[in-house]
Structures are given as structure tokens and as C-alpha cells.
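This report looks at a nonpolar core, a helix, a ligand shell and a loop residue in turn. Please keep the sequence and the structure open while reading.

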Amino acid sequence: MKLVLAHQDELQRRLATLRETPISPENDPWDPYATVGLADKPLLTSIEVTVTNLCNLRCEHCAVGDVLTDTEQRAFPLDDLMARLDEVDTLVTFSVTGGEPAASQRLVDEVTRPLLQYAKARGLRTQVNTNLTLPLERYESFIDLVDVLHVSYNYPEPAEFARIAYAYSDRVPKDPTALLRRMERNIRELSAAGRFVSAETILTRATLPRIEEIHARIAELGCRRHEIHPLYPSDFAARMSVPALEEYADGVRRLLATRNPEVWILFGTFPFFACSPDPTHRQLLAHVLAQPNTTVRNDPDGRNRLNVSSLTGDVLVADFASLGPVGNIGREGFQAIWERWLASQTAARIHCHCPAARCLGPNIIVAETYFPGVDWHAREAAMGAGRGLVRPT
Ligand code: SF4
């Protein structure tokens, strides 16, 4: 790959700096903007591994719900996956997702922990996406290898956990809030021990009216970061009604008006853009960017990251099952799959770039849900980005 700013040594030095700098609102190594300009094409700096399709919950907003199973076959050798990862010398971050990556102690011992050990041996920044509802010892057995523990949290009160978490379960336990209590105990203990717990809330018609209460609970539990994402209408989540952008914007304003300033708020796949023809959208983005301890992350999916199933070797652009695989590492390496994806019509459609706004374009599902038919390449940012640089129009 031809480098724009740097030759290979300089590139590796810049990537090493990204890996080594502490994670903060100023240094989010998952944001694809962190490596913009280092090469003439987007670099593959992040791999997310789906370690299982087993999960003890069946949440209503689950974007991989249709592929969850009760038993599973592991058809792809872990050594072959690691050999493919070895070939990617541009990696900075590494994520583990599911299902629930701690669904069983055996899964932890045979897959989750070995992969995290591999990633840490390479000096990568690591994240585990978990519901954190299982016994604490299971998480403690790999927590030293984790930089960010990413937890779903959408519950203003216990009854909402019972409704959301078992929405597609065959069986609801006698005490349907017991796992919420354990999750909250786990969050408290891990946070008190200095672990970086990042709680994610999906903005739905159920969470939006009570986002302030949800944020207050997350802060009180000791989470260091609160991630806010739109509903991704994939799998189970596709059966939910998607909030209008105005409802979303109202929830964001209420959250920012009452938020705990100690908690970093990260907006992922934020559906309000600097190029929006609607001035209220640009004003909301400017308002968000002007808040301390608040960031808007460019979407990693397909911009610096691929997802791979450790069960099959299938590679996806995102872990959302409905998008379908773009390759398989049994047949070819990540880099070949990455370059084919970048050359695809889908990538071309949504991969715009406005340097003034530090924006790399919309998430694919956000674009299809909220902006069907928009020609992103015909648009241009009408405002700048970054605290101190914002120029709302
Ligand atoms: S990069 Fe794309 S989405 Fe972002 S402001 Fe520019 S045209 Fe809009």
C-alpha cells in the first residue's frame, strides 16, 4: 500500500503511538479518523471477533438476535484465525463480541482468553462486549487483558430489564431481575477496582423518554463512559419502531442538560451531520461537540474494522448478521477482503470525507434507515468540527 504521509517505519511508529497512548476523549483508538492520512486508502486497524452465538439473554434490541443459538459447532481452528491476524501489521485495536463472550467457562478458557492474550502480546488495545450478567469470577479470569469492558445498559428500573432482556426468550426465570442485580454488582466491583467500564444505551422509544434516569444510574454504578447509539434495525431490533430523528435529537439535548460531567459521553454512529441541509441538525452537532468530556466517534465498521466469526471464519463489515459475509479467512487473508470491500459499490456510496468536520460519512444502517436515496458525495460539510473549532451556521 502506498503511504501518503509516511514510509513503513514512520507508519508503524504512528500506529505504536496510538496503541500506547492512554484511552481518553482525546485519544479514541477505535475512531477511524485516528489514522486518516497515513495511507492513500483506509487502513485496517481493527478486528472484531465474534467468539460465540450463545447468549443467556434475548434482548429486544439485539442486532444479531436471529443468529443466536443454544448449541454451536466450532468449525474454524483458533490457530488459523491467529495466523490470519498475524498477517495484518496495521492493527491497533481488537474487540471480542458475541453472543456473550463469557457464556461458559469453557468458552472463556478455550477462546475468549486465548484471543485476548494474543492481542495483548501484540500490544493491541482490547475491548470485550458483554452483558456482564454472569458470575464475576468468569470476568475476572480475563479482565487483566481488557482495556474497555463494554456493557449494554438500557434500564431506568428493574422491570425494564425483565421486559427487554427476555423479550425473545423461551423461558423467563422466576426472578427476572436477578441478573440485573448481578450485572450491577459486577459493574460496581470492576469499576471500584479501576476497570474501564463503558455502558452503552441504544436510543429506542423505550429508552429515549428516560435517558436522563438511565445515565444517572450508569454514573452512579461507576462507569467511566456512556456510549449512545441509535437503534440498528437488524434482526430482533428490526421488529422495533425506529424513533424519528426529532425524538432522537430531543433525547440528546435532555441528556446533555442533565449529564454527569465526570462521565465521558461517546456518541456512536451519530445521525446528525455537518453537511445536513437542516440547520437544526447542524446546530445539534455543534452543541454536542461543544460539550466537555463528550465525543462523536466516526463509525469503525468498514472504515477501519472488519468483523470475523471465530466459528466459521466468515468476515462481515459489521457484526450485524443481516449484512451478510464479504469473505472467509479460510480462503484468503483479511487484507484481500478489506481491499475488495473498499472497492465495492456499497463502500463507495457511504465513504465520503469532509476534513473540516473530521467526518467519514454515515454508518451503513443509519444511512439506509434515516437517509435513503441521499447522495453523500454530493454533500459537503457546512461547519467545522472539534471543540473550539465549531462554526455552526
Ligand atoms: S463526510 Fe459525508 S456525512 Fe460527513 S459531513 Fe461530509 S458529506 Fe456529510
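## The nonpolar core

A nonpolar core is taken here as a set of buried Ala, Val, Leu, Ile, Met, Phe, Trp, Tyr and Cys residues joined through C-beta atoms within 7 Å. In this model, which is predicted, the largest such core has 101 residues, and Ile47, Ile187, Ala274 and Leu306 touch the most other members. Helix 3 (residues 105–121) supplies the largest share of this core, namely six residues.

Leaving aside residues up to four places away in sequence, Ile47 touches Leu85, Val88, Leu91, Phe94, Arg305, Leu306, Val308 and Phe334.

## Helix 10

Phe334, one of the residues that Ile47 touches, is also among the buried residues of helix 10 (residues 334–342), which are Phe334, Ile337 and Trp338. These three lie on the same side of helix 10 because they cover an arc of only 100 degrees around the axis. In an α-helix there are 3.6 residues a turn, so residues three or four places apart point the same way.

The buried residues of helix 10 pack against strand 1 (46–50), helix 2 (78–86), strand 9 (305–309), strand 10 (314–316) and strand 11 (327–328).

## The ligand shell

Around the ligand there are 15 residues, of which Cys275, Cys352, Cys354, Cys359 and Arg379 come nearest. Sorted by class, this shell holds 11 nonpolar, two polar and two charged residues.

## A loop residue

Val67 is found in the loop between strand 1 and helix 2, and Val67 counts as partly exposed because it has 17 C-beta neighbours inside 10 Å. Val67 and His150 are 83 residues apart in sequence, and their C-alpha atoms are 21 Å apart in space.

Terms used:
Residues numbered from 1 in each chain as written. Predicted model: local features only at pLDDT ≥ 70, side-chain atom pairs only at ≥ 80, totals over all residues. Near = placed C-beta within 6 Å. Nonpolar A, V, L, I, M, F, W, Y, C, P; charged D, E, K, R; others polar. Buried ≥ 20, exposed ≤ 12 C-beta atoms within 10 Å, placed from the backbone. Helix = DSSP H or I, 4+ residues; strand = E, 2+ residues; numbered from the N terminus. Arc of directions from axis to C-beta. Contact = placed C-beta atoms within 7 Å.
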